[in-house]
Amino acid sequence: MKKDKKKILRASSFLLTLAWYGALLTLGLYLIGSAVVPLATKQTDGVATYVNALPVHFEVPAPAIDPNIEINDGTNPKALSIPQSDGIISFTTTDYKLNLIATFGVLLYSAVILFVIFQLRKIVAKVREEKPFVVENLNRMRKIAGALFAFSILDALYVFITSSIVQSDFYTELYLPNIKILPQWEIFNSDVVLLVVVILTIEESFRYGLKLQEDKDLTI
Amino acid sequence: MAKRKMSLTELAEKVGLTLANLSILKTGKAKAIRFSTLEKICEVLDCQPGDILEYE
């Protein structure tokens, strides 16, 4: 293998290792924080307060414009709005059930991220051994695609549930007057599905590479 | 090989192949053989390609 390729693979391996331990550290810090903060607030304020964040689906509607206002440039005023989007709402609460819901979301995202990084590390390790076209790598790619596909569905369901909770339980009209929370069921996260298609296409190419490798190995 | 009283190991050494590869050839699992390999085997065994290849 050429030196440049070895350097690139070594860098990839290093970055993935960094991402792996970074993700584990972040998850650990979050879990410790979510336990420590309520204990600390209970000591100081007498009641446990949870600080967390939930993903929601929202829209920022167009502001109402007074039709009697004339704009001097001669054009009619045009309504502007921010289209529907996904975002994170941070909150503090004394209700531990919301904390559980937020923690479940963090564990879900962490599980997928850690699983994908783990599989990628194994794939890169095999490539560094100059054995990219092996059945194990193909199976790992399929597992990554499967995990991301399952995640896209679970994520859509989770955001739907959290948006419903935030809309009904939070005083969003009071605290977020310009935001409209929309509990909508979007079946797939289209970006993730596109990524799954790309991974499966690459996996198919690797499968052909495996066949060529086998033919080469059995050519005496 | 039997006529030349040659073992698989000895043949592999003389032809310059590994024992594993020669075993693949012998058991019929090989998908292809290079002309250079066939030439070398025939040279060592003093035979024709037709003596060691068979179409079924």
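B:Lys3 is exposed, with a relative accessible area of 79%. That figure comes from a predicted model. B:Lys3 counts as exposed because 79% is over the 50% cut-off. Chain B also meets chain A, with four residues of chain A in contact with 11 residues of chain B.

- In chain B, B:Lys3 belongs to the segment that comes before α1, a helix spanning 8–15.
- The C-alpha atoms of B:Lys3 and B:Leu45 are 9.1 Å apart in space, while 42 residues separate the two in sequence.

**Area buried between chain A and chain B**

- About 720 Å² is buried between chain A and chain B, and carbon and sulfur atoms account for 60% of it.
- On the side of chain A, the residues that lose the most area to chain B are A:Leu218, A:Thr219 and A:Ile220, which together make up 84% of what that side buries.

**Polar and charged pairs across the interface**

- Six residue pairs are in polar contact between chain A and chain B, counting pairs with both residues at pLDDT 80 or more.
- One salt bridge is found across the interface of chain A and chain B.
- A:Asp215 and B:Lys31 form a salt bridge through their side chains, with an N to O distance of 3.0 Å.
- By residue class, the side of chain A that touches chain B consists of two nonpolar residues, one polar residue and one charged residue.

Methods. Residues are numbered from 1 along each chain as its sequence is written. Chains are lettered from A and ligands numbered from 1 in the order in which they are written. This is a predicted model: local features need pLDDT of at least 70, side-chain atom pairs count only at pLDDT 80 or more; totals for chains, interfaces and linings use all residues. Side-chain values use heavy atoms; hydrogens and water are left out. Contact means heavy atoms within 4.5 Å. Buried area is the accessible area (1.4 Å probe) that two parts lose on being put together, summed over both. A salt bridge is a side-chain nitrogen of Lys or Arg within 4 Å of a carboxyl oxygen of Asp or Glu. A polar contact is a pair of N or O atoms within 3.5 Å; within protein, one must be able to donate a hydrogen and the other to accept it, and residues adjacent in sequence count only if both atoms are side-chain atoms. Ala, Val, Leu, Ile, Met, Phe, Trp, Tyr, Cys and Pro count as nonpolar, Asp, Glu, Lys and Arg as charged, and the others, Gly among them, as polar. Helices (H or I, at least four residues) and strands (E, at least two) are DSSP runs, numbered from the N terminus. Buried means under 20% relative accessible area, exposed over 50%, partly exposed in between (1.4 Å probe, protein chains only).
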